[in-house]
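Subject: Handing over a structure

Hi,

Here is the structure I promised to pass on. Please have a look at it first, and then read my notes below.

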Amino acid sequence: MAFPDPDSLQLWASLGVAAPRQVRLAPAARARLAHVVELNDVSSPSDAERWAGPLAREPHILADLSRVRPWLPPGASGTRRETLTAVLTEIMGREWTGFLVLLGEYGPWVYAPSVADLQELSRHYAAVVLSATGASEQTVLDAAQQLQQTGPAHVSLLARLEATDYRQPQPRISDPLPSQLAELELAFWHAAQAQARRRVQEWEREKR
């Protein structure tokens, strides 16, 4: 395995990746990079607390769910479990039933209102993984830096992937532009926010 140079390491560290390509993916994990890894059905208010316990240790779940819902109140003080319970309770109160899903072995957490919505987000994320897999490290690094400028508080999906050895050496016909990779990730986040906003509006109408 080729290791990045010191300058590259510093750049990745600034993007939230302590050690690029240090996680060796087993074949099963590699097969799950762009496929649903965990799906939890949220069908009643009690499910918020039920799922918060086992998922509180997930490093990105709070940021992922809150990122596409700027209308959520500021994070409550307390343990991660208490905070995640509050976030999930608030989401369900505004959006009602849905699926709490991890898209990909190192992908984002989403709360999708329907199977069709989940499939849409899965397609967007798969496009990110597929394009990044065929890109050079420099291209992925440049794209991740662009994304940090638009969302400095979040670790990008591209940066999360870079912690693994997902980009296997392979002949490349063409390297995508960094802006193209960044646009694919932004398209995912925009789709997730649009779904959440639509569902909030629908649920408000249904409750009247």
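Let me start with the contacts, meaning heavy atoms within 4.5 Å. Of the contacts in the chain between residues at least 6 apart in sequence, 74% join residues at least 24 apart.

A word on the source: this is a predicted model, in which local features need pLDDT of at least 70 and side-chain atom pairs count only at pLDDT 80 or more, while totals for chains, interfaces and linings use all residues. Residues are numbered from 1 along each chain as its sequence is written, and side-chain values use heavy atoms, with hydrogens and water left out.

**The chain as a whole**

The chain has nine helices and three strands, which are DSSP runs numbered from the N terminus (helices: H or I, at least four residues; strands: E, at least two). Along the sequence they follow the pattern α-α-β-α-α-α-β-β-α-α-α-α. The radius of gyration is 18 Å, close to the 17 Å that the globule rule gives for 208 residues, so the chain is as compact as a globular protein of that length. That radius is taken over C-alpha atoms, and the rule is 2.2 Å times the number of residues to the power 0.38. Along the principal axes, the C-alpha atoms fill a box of roughly 55 × 35 × 35 Å. Buried residues make up 43% of the 208; here buried means under 20% relative accessible area, exposed over 50%, and partly exposed in between (1.4 Å probe, protein chains only).

**The cavities**

Rolling a probe the size of a water molecule over the atoms shows where empty space is left. A cavity is a set of points, on a 1 Å grid over the protein atoms alone, where a 1.4 Å probe fits but cannot get out; its lining residues have an atom within 4 Å of a point. Grid points are joined across faces, edges and corners, and a volume is the space filled by probe spheres set on the points. By this rule there are three cavities of 30 Å³ or more.

The largest cavity holds about 50 Å³. Its lining includes D64, R69, W109 and W189. Two or more lining residues come from each of α4 (61-67), β3 (109-112) and α9 (178-207), and β3 gives the most, with four. By class, the lining has nine nonpolar, one polar and two charged residues. Nonpolar covers Ala, Val, Leu, Ile, Met, Phe, Trp, Tyr, Cys and Pro; charged covers Asp, Glu, Lys and Arg; the others, Gly among them, are polar.

The second largest cavity has about 40 Å³ of space. R67, L147, Q148, G151, H154, S156 and E185 line it, and they divide into one nonpolar, four polar and two charged residues.

**Some residues to look up**

L157 sits in helix α8 (residues 157-162) and is buried, at 0% relative accessible area. Apart from neighbours within four places in sequence, L157 touches G107, P108, Y125, E185, F188 and W189.

S46, in helix α3 (residues 46-55), is exposed at 52%.

R21 is in the loop between α1 (6-14) and α2 (27-31) and is buried at 10%. W96 lies in the loop between α5 (80-95) and β2 (98-103) and is partly exposed, at 30%.

Happy exploring!

How values were computed. On a 1 Å grid over the protein atoms alone, a cavity is a set of points where a 1.4 Å probe fits but cannot get out, and a pocket is an open set with protein on both sides within 12 Å along at least five of seven lines; lining residues have an atom within 4 Å of a point.
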